[in-house]
Amino acid sequence: MQNNKKHKNHELVKDWIGLIQVFTCPEDAETRTALVGLMRQILFELHDFLIKNVGITEEISLKILADDFTDTVINRCPEKKLADVVTGVFDHIAPHAVNVASPYFVGHMTAAIPYFMVHLKAIVAALNQNVVKLETSKVVSVLEKQVVAKIHRLIFNLSDEFYAEHVQNTDTSLGSFMEGGTTANLTALWVARNTALRPKDGFSGIEKKGMMAAYKAYDIDRCVVLVSKRAHYSFRKAGGLLGIGNENIIPVDVDGNNKLKIDALENTIAEIKREGRTKIIAVVGIAGTTETGTVDPLKEIAAICARENIHFHTDAAWGGPTLLSDKYKHLLDGIHLADSVTIDGHKQFYMPMGCGMIYFKNPKSLDAISYHANYVNRRGSVDLGIKTLAGSREANSLILDSALKIMGARGYGMLIEHGIELAADFAEEIKQRDMFQLITEPELNILTYRVCPPELREEMKTADPVRFIKINDELNELNRTIQQEQREAGKSFVSRTVLEQENIFPGSPAGKIVVLRSVLMNPLTNIEILKDILDEQEGLYDMWRNGTLGHEKARKDTDRHGME
Ligand SMILES: Cc1ncc(COP(=O)(O)O)c(C=O)c1O
C-alpha cells in the first residue's frame, strides 16, 4: 500500500545535500543551540520526569496502546524533524513506558541508573567503535582488555605477575563482554562442552565434527550439565543451542534456604557415573539466584568439581558486584574457585541495557571457541571478535571502565550494602505484620513473601494434606490477584513467581507457592516506601475480602492483553 500522508516542513533529508548534512554536524550557531537544547531535554527533563513521576505506568491498557501501533508502512518521505521525534518520545512514549527508575519499582532486576550513564552511552554511540576487530576500535580494544582484567582480578585475585602477563597479551583472554547473562552462560557452557569433548586420537573435536562424531569418539550417549533447581532458564536455552538437549540440563535439589544441596549433587553425580555412557560437562553454582537471590555453597561445589575434574561455572549475573563491598564480599566465598563466572553489567553495575560479561580463570580457556577469518579476527591480533559469539558489538567496556572510575569500588560497595541491609529490614517488617508470610529470607537483596491472613496461616499449621493444598491454592490465587491489581494500579510494583517449597510450616508438604518477589537495588527505595507497598497490598486484600477486588479484576482482565 502506498502511504500518501502529507508531510510538510520536514526537510532534513529532502535531497542529497540535506542527507549529507545529517552526517556532518551543522555549523550554524542557531542549529547547534537547538541540538544542545534537545540533549538538555534528554539529560534533565526526561531524567526529572523519571525520578519525580513515582507512578510505574500510566493507567491505560496495553490493548489501547497497541491500537496506536498498527501502521506497517515505512513512509517514503520524512515524517518528522529530530525535535518532533524527541518531543514525540517525551509526550507519547515515556509516559507509557515502565518507570523502572521509580523507587516504588522493586520487582525486577532493572532499575534507576546513575545519570552519567546516559553521557557514557552517548559517547559510545558517538565514537561508534566496533570491538570485533582492532581496525574499528584500536585503543578501545586494549581498554576492554584492561577492564576485563580488573574484573577478573576482583573475582579470582591472582598474582600481580599473572595480570602483568595477561592484561594485554594477544594470545590469551581473561574474558569478554557480550549482550547479557544469557549469552555469558551460553559461552561458559560452549567452552565447557568443547573442552570436555576436545580433540583426541584422530578426532578433531566437537566444534569441528559435531555431536554425533564426538559421542562416538568419546563412547558416550549424552552430555549433561548439573544446575541448581533455581538456576536461570538461560541454561536450558544453552542446552538446546549447544546440541546437548535442554532435558540434559539436570536440576539438582535445593535445601530449605534455596541453596543447592551438596548431598543431592553428590548423589546425582554418583548415579550418572553408575549409569555410564554420560559425560558431565559442567556443574553450575549460582551467586544470587534470579528468584530468591540465594548464593549456592560455591566452595563445596568447587571441591566436588576439582575431585571429579568437571568444569565449575558460577552464574554471578546478579550477585557478582557484591565483591565490591568489603562488608559483604564474604557472601560469595569460593567464587574464585570457579573455572568461569558470568556477571551482568546491566544489573548491579547499574549500566544501561545491555551488557553481560564472562570470565575464565584460565586465560587459554576461550581458545576452545576461537574463530578466525581472513578479513577480520586475524591470528595473534587484539581482534576481540576471535573469541566471542557476537561479531560486531559496541564498546560497553568504555562505559564500565568510566563508571568504575566515577564510582570507585566504594561507590558500588555502598549500593550493594544499601540493598542487602534494606532487604533485611524489609524482611523484619514483613515478619511483624500479621497479614504476611516471609517465604525466603534475603541473603543478598532479593526476598519473597506472600499475603497470608492469620486465620488461614493458623489453619494450615494443623490442616491435613488435602485441606492444606486447598488453602494453599486459595492463597496462590489471592497473591496472583493482588500482584496483578497492584501492578495495574500503577503506583508500585513487585513481581511474582512460583516456588516449589517444602516445610513452609514445620512438616508441611511440598507445594507450589505463588510468592511476591522484591528486588531491592534502587538506592532511592527506603523502608518507608516498602511499608507503603505493604499497606497497599493490605488494602487490596481488604477489597478482595469485601468482594470489590474481583469486580475490578473482571473489568481489567479484558484490558490486560499480554501483561500476564
Ligand atoms: C542469575 C541470572 N543469570 C542469568 C540471567 C540472564 O541474564 P540476561 O537477562 O542479562 O540475559 C539472569 C537474568 O535475570 C539472572 O538472574
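Mentor: Domain bounds here come from an automatic or database domain assignment. The model is predicted.

Trainee: Which domains does the assignment give for the chain?

Mentor: Domain 1 covers 16-99, domain 2 covers 130-394 and domain 3 covers 409-560. The C-alpha centres of domain 1 and domain 3 are 37 Å apart.

Trainee: What secondary structure does the chain have?

Mentor: The chain has 17 helices and 11 strands.

Trainee: Why is the chain called as compact as a globular protein of that length?

Mentor: Set the value against the rule. The globule rule gives 24 Å for 564 residues. The radius of gyration of the chain is 26 Å, which is close to that, so the chain is as compact as a globular protein of that length. Its C-alpha trace spans about 80 × 70 × 50 Å along the principal axes.

Trainee: What makes Q537 count as buried?

Mentor: Buried means under 20% relative accessible area. Q537 has 0% relative accessibility, so Q537 counts as buried. Across the chain, 50% of the 564 residues count as buried.

Trainee: Where does Q537 lie, and what is it in contact with, leaving aside neighbours within four places in sequence?

Mentor: Q537 lies in helix 16, residues 527-546. Contact means heavy atoms within 4.5 Å. On that basis Q537 touches F436, Y449, I482, Q486, V494 and L516.

Definitions and conventions:
Residues are numbered from 1 along each chain as its sequence is written. This is a predicted model: local features need pLDDT of at least 70, side-chain atom pairs count only at pLDDT 80 or more; totals for chains, interfaces and linings use all residues. Side-chain values use heavy atoms; hydrogens and water are left out. Helices (H or I, at least four residues) and strands (E, at least two) are DSSP runs, numbered from the N terminus. The radius of gyration is taken over C-alpha atoms; the globule rule is 2.2 Å times the number of residues to the power 0.38. Buried means under 20% relative accessible area, exposed over 50%, partly exposed in between (1.4 Å probe, protein chains only).
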